Amino acid sequence: MSINRYFLALIPTKEVREELQDLKIKISDEYQTKASLRSPPHLTLHMPFLKPAKYEKQLIESLTDFCNEPKPFDLTLNGYGSFEPKVFFVQVVENQELKNLHQELHQLMKIKHNVLPREGFIERPFRPHITLAFRDLKKQEFYRLWKDFQDRNYERVFMVSSLALLKHNGISWDEHHIFSFGLSS
């Protein structure tokens, strides 16, 4: 049986996505880290999970229905942050719409699709961010990167109007399906 790996995320608008992708490439070159280049710039709403390929249609139908309810909302990016000593990111200002979307999506995935946190995973509070470097970022490079960016300013506001289902192709993550918000009247 074929098993697929997915995750759910918010993808910034084209302009912000291109800006963040350019920044990821610059960081990759300067600080010898490549892992973040395997996915588009995104804000993870549901961590990666495995599902048999035969359930993909059901998953897409369920997410399509789910996305009828939320309405588009603004999301603010404000500054840089880190999870020492491996993760460097752009900070996302949490708002009520984002918080609700995250909670409701987790309930849907848990109840309807039996997608639970992986064994041994400690569920942490939601801390929205857009990762620019992680996993293969060496400790000394992390501290150099953080020193170079900690006082820099980065502010953007963009409208979130869809949810993305990303699917792993064996090497990287592809935007497999985009679900537009607020289609119901």
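Predicted model: local features only at pLDDT ≥ 70, side-chain atom pairs only at ≥ 80, totals over all residues.

Me: In what order do the strands of the open sheet lie, and how are they paired?

Reply: Strands of a sheet pair through backbone hydrogen bonds, and this pairing may be parallel or antiparallel. Here the open sheet has four strands in the order β2-β1-β7-β8, and the pairing is antiparallel. Because β2 (43–52) and β8 (173–180) stand at the edges with a single partner strand each, one side of each has no neighbour in the sheet. From one strand to the next, the twist averages 25°.

Me: How many bridges join β1 to β7?

Reply: Strand β1, residues 3–10, is joined to the antiparallel strand β7, residues 162–168, by four bridges. To place one of them in the view, look for Phe7, whose bridge partner in β7 is Leu166.

Me: Which strands does helix α3 touch?

Reply: Helix α3, made of residues 96–111, packs on the sheet and touches β1, β2 and β7, while its direction makes about 10° with that of β2.

Me: Is His168 buried or exposed?

Reply: The general idea is to compare the relative accessible area with a cut-off, and a residue counts as buried when the value is under 20%. His168, which is found in strand β7, has a relative accessible area of 18%, so it is buried.

Me: What does His168 touch, leaving aside residues up to four places away in sequence?

Reply: With those left aside, His168 touches Arg5 and Trp173.

Key: Residues numbered from 1 in each chain as written. Heavy atoms only, no water. Pairing = 2+ DSSP bridges. Helix = DSSP H or I, 4+ residues; strand = E, 2+ residues; numbered from the N terminus. Axes fitted to C-alpha atoms, helices over the stretch in contact; angles between N-to-C directions. Contact = heavy atoms within 4.5 Å. Buried < 20%, exposed > 50% of the residue type's maximum accessible area, 1.4 Å probe, protein only.
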